[in-house]
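Hello,

Here is the structure I promised to pass on to you. Have a look at it first, and then read my notes below.

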There are 2 protein chains.
Amino acid sequence: MTDNTSHTTNDDASDVSAQALRLMLSRHNVSPKRLTEPGPDVAQIQALFEAAASAPDHGEITPWRFVQVPITARIQLGEAFAQALRERDAKATLEQLQSAQEKALRAPFLALAVARLGPADPDIATLERMVSLGAAVQNILLMAHAMGFGAGLTSGQTMNSIPLRELFELDPDDQAVCFINIGTVTKPKPVRPRPILSEFVSHL
Amino acid sequence: MTDNTSHTTNDDASDVSAQALRLMLSRHNVSPKRLTEPGPDVAQIQALFEAAASAPDHGEITPWRFVQVPITARIQLGEAFAQALRERDAKATLEQLQSAQEKALRAPFLALAVARLGPADPDIATLERMVSLGAAVQNILLMAHAMGFGAGLTSGQTMNSIPLRELFELDPDDQAVCFINIGTVTKPKPVRPRPILSEFVSHL
């Protein structure tokens with residue numbers, strides 16, 4: 001191989017690809033309920049975001065950003081979750097509000113993935129920007145898994161709520177998409193089956 | 001590790017993560033102009049789609065599919081590209097039409113990534129479906145790179161054109177997002193710099 005974008009020679013390509021496939025196939029979503037300390041350390045978090053930065057990015061506009069939520073900000077986040085629930089359901093019980101609040105306390109590493117959908121030059125279509133965000137998120141999930149952590153995405157109606165948008169100081173063109181949760185897996189769980197190829201692959 | 005979602009012990013986690021990061025950082029978009037034969041064989045294509053199938057998928061709705069364009073269908077695709085150009089620019093020259101047509105002939109492996117944005121149960125938001133598509137596409141790109149191939153995404157105004165939608169028999173709720181091009185890299189090219197972490201990472 002003479003290509004400078006390649007990391008490998010033909011000789012070890014089959015090893016590298018076998019390991020890459022193993023990594024991808026063995027990754028599964030882990031609910032934050034099953035994530036505990038320790039989470040990634042500073043160097044590992046740096047690597048997670050370097051992985052994100054290597055996502056494809058049509059037009060080089062970086063149509064996404066990530067906001068980490070350190071442990072010190074979890075109480076605030078929990079209050080935003082509870083407030084969001086109160087705003088969409090005035091009859092929410094105290095138990096429901098507490099449960100919403102506790103969701104902020106789970107995974108050791110927590111970051112919000114934000115799509116930047118405002119004007120850009122070049123003006124890349126929203127769907128393509130989201131492909132870039134999905135790729136960046138996948139790189140983070142794969143890296144976390146490669147490090148031996150469990151990771152999972154969470155979202156819900158809270159993503160569009162005013163308390164959340166205010167806490168994260170989102171611009172009008174910013175869209176909160178999902179939280180990335182990373183930590184040590186407490187207990188295993190059966191993994192979900194993957195879609196069969198014939199269900200999503202065809203040809204002209 | 002006792003977690004059955006993990007592929008590794010703590011002992012080799014740092015090797016696995018170092019290799020995963022190398023793979024991600026060394027992957028760069030390769031234009032189809034610089035892709036030639038050979039492309040992936042049948043077993044490799046199977047592995048590419050298995051990688052795609054392991055993307056996160058909130059609600060397990062498989063909000064995407066891929067349509068391969070074999071060499072035998074490239075003339076047809078080229079005609080759709082030319083027709084799409086003609087429809088948006090009645091003054092397109094013969095050279096421009098030929099150039100549009102030739103774009104269909106480049107990479108040995110070519111597949112259209114299609115987002116399925118119609119009704120689903122559960123009804124996952126479009127942005128989240130696109131995260132899943134982006135993750136599936138990223139797995140394909142990383143696998144192709146791990147196999148020693150070059151790969152790149154292409155898109156443009158043609159994606160929304162009637163000739164393309166008709167050729168691929170897209171449902172009204174289907175959205176053509178991008179083509180995935182894979183092949184052997186003919187000549188190296190300087191790689192683009194990645195965004196600096198401080199440009200897209202912050203914390204509460």
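**Strand pairing in chain B**

Strand E3 (residues 109-116) of chain B and E5(B) run antiparallel and are joined by eight bridges. Helices (H or I, at least four residues) and strands (E, at least two) are DSSP runs numbered from the N terminus, and two strands pair if DSSP finds at least two bridges between them. Within E5(B), B:Gln175 is the bridge partner of B:Ala115.

Before going on, a word on the source: this is a predicted model, in which local features need pLDDT of at least 70, side-chain atom pairs count only at pLDDT 80 or more, and totals for chains, interfaces and linings use all residues. Residues are numbered from 1 along each chain as its sequence is written, while chains are lettered from A and ligands numbered from 1 in the order in which they are written.

E5(B) has other partners too. With E4(B) it pairs in the antiparallel sense over five bridges, and B:Gly152 stands opposite B:Asn181 of E5(B). Strand E1 (residues 35-36) of chain B is also antiparallel to E5(B), over two bridges, with B:Leu35 opposite B:Val185. How much of E5(B) is buried? Ten of its twelve residues are, where buried means that 20 or more other C-beta atoms, placed from the backbone, lie within 10 Å of the residue's own.

**Where the chains meet**

In all, 81 residues of chain B are in contact with 81 residues of chain A; contact here means C-beta atoms, placed from the backbone, within 7 Å. On the side of chain B that touches chain A, H5(B) gives the most, with 15 residues. That side divides into 44 nonpolar, 27 polar and ten charged residues (Ala, Val, Leu, Ile, Met, Phe, Trp, Tyr, Cys and Pro count as nonpolar, Asp, Glu, Lys and Arg as charged, and the others, Gly among them, as polar).

Pairing crosses between the chains as well: strand E2 (residues 64-68) of chain A and E6(B) are parallel, with three bridges. There, A:Gln68 has B:His203 as its bridge partner.

**How the copies are related**

Chain B superposes on chain A by a rotation of 180 degrees with 0.0 Å of shift along its axis (RMSD 0.0 Å), fitted by least squares on the C-alpha atoms of residues with pLDDT of at least 70 in both. The two copies are therefore related as by a two-fold rotation axis. B:Gly134 is the residue of chain B that comes closest to that axis, at 2.0 Å (C-alpha). Because 100% of the interface residues of chain B are also interface residues in chain A, the copies meet through the same surface.

Best wishes

How values were computed
Contact = placed C-beta atoms within 7 Å.
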